[in-house]
Amino acid sequence: MHDQPHEHAHHEGLAFDLQAISKQIVARRRALAWFSGAGITALLAGCGGGGGDASSASDTASSSSSANSSSSASASSSSSSTSSSSSSGTCVADAAETNGPYPADGTNTSSGSTSNVLTQSGIVRSDIRSSFITSTDTAGGVQVTLTLTLVNSANACAPLAGYAIYIWHCDAAGLYSLYTAPTESYLRGIQVTDANGQVSFTTIFPGCYSGRYPHIHVEIFSSLSAATSGKSSLLITQLAPPSSVCTAVYNGNSLYTKSISNFSQVSIANDNVFGDDTSAQIAQMTLVMSGGVSAGYSATNTIGISI
């Protein structure tokens with residue numbers, strides 16, 4: 001049908017044909033230009049460019065960027081939460097310290113014979129204020145309820161259950177049972193950690209003797225049988241009461257009169273045991289205490305050991 005006009009116009013002459021050809025060429029150029037434009041528009045639309053489509057693509061990119069920012073913020077929040085969780089479970093291994101000259105753990109002698117209270121019946125007890133071997137005297141002083149938590153510093157501070165903790169310290173006058181107070185056996189005792197890694201002792205606030213910052217000795221054993229059979233311990237360390245509580249106790253109870261001048265000459269920094277520990281170790285090995293001289297104190301501490 002469309003070819004018929006061309007066939008009919010063929011007999012109009014050369015001039016007419018040239019004019020027709022010229023018109024066809026112009027028409028074809030216009031058609032090509034139109035198709036080319038349409039193709040570019042389609043291509044731009046497909047790539048997200050141009051006009052409304054460009055705006056839509058921009059919105060999409062913005063939305064994607066916003067989503068990525070939100071995801072990044074969420075990841076950052078998660079990281080902070082993890083860090084916070086990690087911080088709350090952070091602990092260090094307590095410093096290994098000397099057991100001193102008065103451990104009564106079978107490692108030294110007293111009056112010519114090996115002193116080992118750990119093998120004595122009655123050493124496993126929570127209230128350690130009274131003697132239990134030959135004497136029944138009770139050590140006088142400001143009462144302290146001490147709760148210790150044993151954790152594995154090599155495993156996210158996981159509590160250690162079933163371990164034996166032996167503690168000992170001097171009395172209000174700075175004397176140690178079985179040694180400088182040879183007829184007494186007070187202020188010594190063993191407890192086994194529960195499922196939370198905890199033990200509790202009822203004792204008194206230790207006095208301050210010349211040359212040492214006030215302290216409580218702690219010895220850790222893998223089990224009660226290991227402790228009571230006199231086997232080697234896993235850790236021997238010492239705990240320090242806060243300086244402010246020392247001052248309050250020594251000035252607030254007459255049994256500690258000798259401790260006042262001794263304490264004025266020492267500090268954790270110049271102590272020959274605590275003095276070389278790191279600040280992190282000192283922070284962990286310092287008791288957290290609340291209460292008062294008259295009513296007594298509650299004390300807590302976390303002991304880290306690498307298992």
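I take contact to mean heavy atoms within 4.5 Å. This is a predicted model, so I noted the limits: local features need pLDDT of at least 70, side-chain atom pairs count only at pLDDT 80 or more, and totals for chains, interfaces and linings use all residues. Residues are numbered from 1 along each chain as its sequence is written, and side-chain values use heavy atoms, without hydrogens and water.

**Phe-205**

I looked up Phe-205, leaving aside its neighbours within four places in sequence. Its contacts are Val-142, Val-144, Pro-241, Val-245, Cys-246, Val-249, Tyr-250, Tyr-256 and Met-289.

**Cores**

I count as a nonpolar core a set of buried Ala, Val, Leu, Ile, Met, Phe, Trp, Tyr and Cys residues joined through side-chain atoms within 4.5 Å. Buried is under 20% relative accessible area, exposed over 50%, partly exposed in between (1.4 Å probe, protein chains only). The largest nonpolar core has 45 residues. Leu-148, Ile-167 and Phe-205 touch the most other members. I found another core apart from it, of 16 residues, including Phe-132 and Ile-190.

**Salt bridges**

My rule is a side-chain nitrogen of Lys or Arg within 4 Å of a carboxyl oxygen of Asp or Glu. It gives two salt bridges.

I checked Arg-129 with Asp-127: 2.8 Å, N to O. Arg-129 is partly exposed at 22% relative accessible area. Asp-127 is also partly exposed, at 35%.

Then I turned to Asp-271 and Arg-212, whose closest N and O atoms are 2.9 Å apart. This pair links distant parts of the chain, 59 residues apart. Both residues, Asp-271 and Arg-212, are buried.

Terms used: Helices (H or I, at least four residues) and strands (E, at least two) are DSSP runs, numbered from the N terminus.
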